[in-house]
Amino acid sequence: MVFLFWISFAFVFYTYLGYPLCLAVLKKVRPRPVKKVEFFPLVSVVIAACNEEQNIMRRLENLLAQDYPSDRLEIILVSDGSEDRTVEHALRVAGEKVRIVELPSRQGKAEALNAGVPWAIGDIIVFCDARQTFEEDAIRQLVANFWDETVGCVSGELMLHKTTSSGIQVEMGAYWQYEKWIRKAESSCGSVVGATGAIYAIRRSLYRTLPQGTLLDDVMIPMQVVLQGYRTIFDGSAKAHDIVSGQMTQEWVRKVRTLGGNWQLMGLLPSLLCPWKNRCCWRFVSHKMGRLLVPVALLMLAGLGPLIEGSLYLFATSLQVVFYALAAVGAALPATRSSRMVQMSYFFVVMNLAALAGFWRWLRGDSSTLWRPAYLEGGN
């Protein structure tokens with residue numbers, strides 16, 4: 001029991017602190033800078049949209065206003081069986097630079113991207129969503145990285161903004177800052193093991209058709225690029241903007257989908273777990289798989305601590321009781337989440353419960369139905 005207790009503790013520690021510390025050392029001793037030079041290849045922006053009538057005009061206008069030569073840029077909007085006025089609104093601003101592909105019925109984001117990419121003529125494809133906006137030079141910043149021939153995929157940075165005093169926004173913002181630090185560190189010494197779905201780009205020649213029902217295109221596509229021998233990097237100078245989830249229910253939906261999608265990904269692309277095929281295997285296991293398995297380690301710590309004699313284990317058990325009690329208080333009495341400790345405990349527990357829920361839905365085969373804009377599942 002003692003061995004299992006300490007293995008579980010070491011696993012949780014490594015996942016949240018040990019791996020980032022390893023990256024901090026690696027980026028110091030083995031940096032891999034990118035040769036970034038401004039140039040202007042043909043660029044195709046592909047957007048998959050489903051029932052986005054409230055966002056699509058603003059989104060297209062934002063893309064058409066990019067600081068990038070207009071004769072080197074095209075936009076392909078794929079309407080994934082939209083039942084609202086998404087296409088009608090898009091047509092109001094669509095000129096010769098915007099091509100609209102309509103799918104007759106809703107097929108999911110992966111199928112929408114597969115339908116849109118064959119229409120692209122650009123050497124570089126930029127993927128984005130309908131809700132966010134780009135800064136004026138975002139595409140120019142993304143593209144400049146492809147001057148480096150080792151780079152196959154570039155992820156931009158998503159800037160999350162607060163709109164209310166909701167506590168979850170504070171903690172979600174802090175979590176996102178932690179996640180972005182890890183991505184920057186991975187990039188500075190090699191490759192990132194995923195991209196930001198709101199803003200990323202790849203060389204068109206490296207795109208591979210996504211399997212039907214793929215949930216995480218922003219992990220699948222970058223990892224396909226890595227498996228072909230190219231780097232996936234993070235460039236914080238290419239920025240998109242969005243609003244932090246205002247409610248835990250909204251964040252819950254997103255996390256269950258994301259974490260369920262990581263389980264699905266390993267089934268769709270098992271070579272990710274083969275070190276002789278995936279040179280970023282260690283990063284993928286540490287960054288993606290570790291967080292999926294942390295709930296199991298937490299359950300082991302909670303179950304084994306009280307069974308082991310000794311003041312150290314009594315102390316560890318007491319800390320866990322206090323931590324989970326704070327989370328329970330936060331769940332039962334939302335007003336108490338104004339306390340930073342209550343909010344942190346609550347957020348951590350909910351995120352790990354989401355990991356278990358994602359695993360359960362993947363086991364049940366619900367993964368293929370999980371992709372939906374978060375606001376459709378309760379939030380905005």
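A: The chain holds eleven helices and eight strands; helices here are DSSP runs of H or I with at least four residues, strands are runs of E with at least two, and both are numbered from the N terminus. Bear in mind that this is a predicted model: local features need pLDDT of at least 70 and side-chain atom pairs count only at pLDDT 80 or more, while totals for chains, interfaces and linings use all residues. Residues are numbered from 1 along each chain as its sequence is written, and side-chain values use heavy atoms, with hydrogens and water left out.

First, the whole. The C-alpha atoms fill a box of roughly 75 × 45 × 35 Å along the principal axes. A compact globule of 380 residues would have a radius of gyration near 21 Å, and the chain's 22 Å agrees with that; the radius is taken over C-alpha atoms, and the globule rule is 2.2 Å times the number of residues to the power 0.38. Of the 380 residues, 55% count as buried, meaning under 20% relative accessible area, with exposed meaning over 50% and partly exposed in between (1.4 Å probe, protein chains only). Take contacts, meaning heavy atoms within 4.5 Å, between residues at least 6 apart in sequence: 80% of them join residues at least 24 apart.

Now for the close look, at helices α2 and α3. Two packed helices are described by the angle between their axes and the distance between the axes. Helix α2 covers residues 56-64 and helix α3 residues 86-93, and their axes come within 8 Å and cross at roughly 35 degrees. Those axes are lines fitted to C-alpha atoms over the stretch in contact, with angles running from 0 to 180 degrees between N-to-C directions. The crossing is right-handed, which means that the near helix is turned clockwise from the far one by less than a right angle.

Who meets whom there? From α2 come Ile56, Met57, Leu60, Glu61 and Leu64, and from α3 come Thr86, His89, Ala90, Arg92 and Val93. Sort these residues and you get six nonpolar, two polar and two charged. In that scheme Ala, Val, Leu, Ile, Met, Phe, Trp, Tyr, Cys and Pro are nonpolar, Asp, Glu, Lys and Arg are charged, and the others, Gly among them, are polar.

Asn51 sits in the loop between β1 (43-49) and α2, and has a positive phi of about 55 degrees despite not being a glycine.

For contrast, hop over to helix α7 (residues 217-227), where you'll find Met220. With 1% relative accessibility, Met220 counts as buried. Beyond its neighbours within four places in sequence, Met220 is in contact with Leu210, Pro211, Thr214, Leu265, Leu268 and Leu269.
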